[in-house]
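I opened my notebook for a friendly look around this one. Here is what I looked up, entry by entry.

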Amino acid sequence: MRIIVAKDYAEMSKRAADIIASQIRINAHTVLGLATGSTPVGAYEELVRQYNEEGLNFGNVDTFNLDEYIGLGADHPQSYRYFMDEHLLSHINMDADRAHVPDGLAQNPEQECEEYDRLIRDLGGVDLQLLGMGGNGHIGFNEPNDIYTAETHVVNLTESTIKANSIYFNNENEVPRQAITMGFRTIMQAKKVIFVVSGKAKSKVVKEALEGPITPKLPASILQLHHDVIVVLDQDAASEMKLKDNFIMTDDQLFR
Ligand code: GLP
């Protein structure tokens, strides 16, 4: 595990975007796993900038998003499909057919999950998975649990996630209670993972996840077992971490 500590959110975003951009430059046919939430927004802005100003080419890229709320369609402003269009997909040269988000309006969500996994498998799996983390340690919508669920599946969201995500809705009652999420197998089989965490509020949870026991009760802790994960934290998120030997400080900090 490599841990990059960036001085702030902007630098964290730039670091994460540079890793994603390098991957696309090395392999134009990259299969990217994408995440929603406020944390990756800055990285998406930087990728759009590189598309506009540096010719970063998304023409042969496929993307798979981690998750989607059940009950929200592509035209709902809080759906993750809408989020991705707004922050990334509508600004770059990506073929709409190659941008995959689970269908929150699927008549048969279980079947949608199976088809999503099949599609990922057919394209050879995820080359690079971008991950954020919920305040309770969830990745995708894999909530704290007693077991790891391997496949893409339907989940019941926890009260803490409903509360945390309600800031994007008019009120808590509007937050869907269920979602479709990629399971741990797809995430752990991604050839490379970038895990981005920002802010003091998540500093204790991220420390637990990366330095504590590996347990489905803290879903992000499974990343300790991934063979190629780059963690990009800002200083606030890294403030509780003890394993300082693993840190790669950014140029700015090294040369201070
Ligand atoms: C949602 C998403 C997660 C994301 C999390 C954190 O619950 N399903 O994939 O990591 O939000 O969001 P934020 O980055 O806004 O804290």
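Predicted model: local features only at pLDDT ≥ 70, side-chain atom pairs only at ≥ 80, totals over all residues.

Which residues of helix 4 are buried? I found P109, E112, C113, Y116, D117 and I120. Looking down the axis of helix 4, I saw these buried residues fall within an arc of 135°, so they line one face of the helix.

I asked what the buried residues of helix 4 pack against.

Helix 4 runs over residues 109–122, which makes 14 residues. From first C-alpha to last I get 20 Å, close to the 20 Å expected at 1.5 Å a residue. Just after helix 4, I came to G124, which takes a positive phi of about 90°.

How many residues surround the ligand? I have 15, and the closest are S38, T39, D67, H138 and K202. I then looked up distances from ligand oxygen atoms to polar side-chain atoms: K202 has one at 2.6 Å, S38 has an N or O atom at 2.7 Å, and N165 has one at 3.3 Å. Last, I noted the cover: the protein takes up 91% of the 390 Å² of accessible area that the ligand has on its own.

Notes. Residues numbered from 1 in each chain as written. Heavy atoms only, no water. Helix = DSSP H or I, 4+ residues; strand = E, 2+ residues; numbered from the N terminus. Expected span 1.5 Å × (residues − 1). Buried < 20%, exposed > 50% of the residue type's maximum accessible area, 1.4 Å probe, protein only. Arc of directions from axis to C-beta. Contact = heavy atoms within 4.5 Å. Near = heavy atom within 4 Å. Polar contact = N/O pair within 3.5 Å; in protein donor to acceptor, adjacent residues only side chain to side chain. Areas by Shrake-Rupley, 256 points an atom, 1.4 Å probe, with all protein chains shown as cover.
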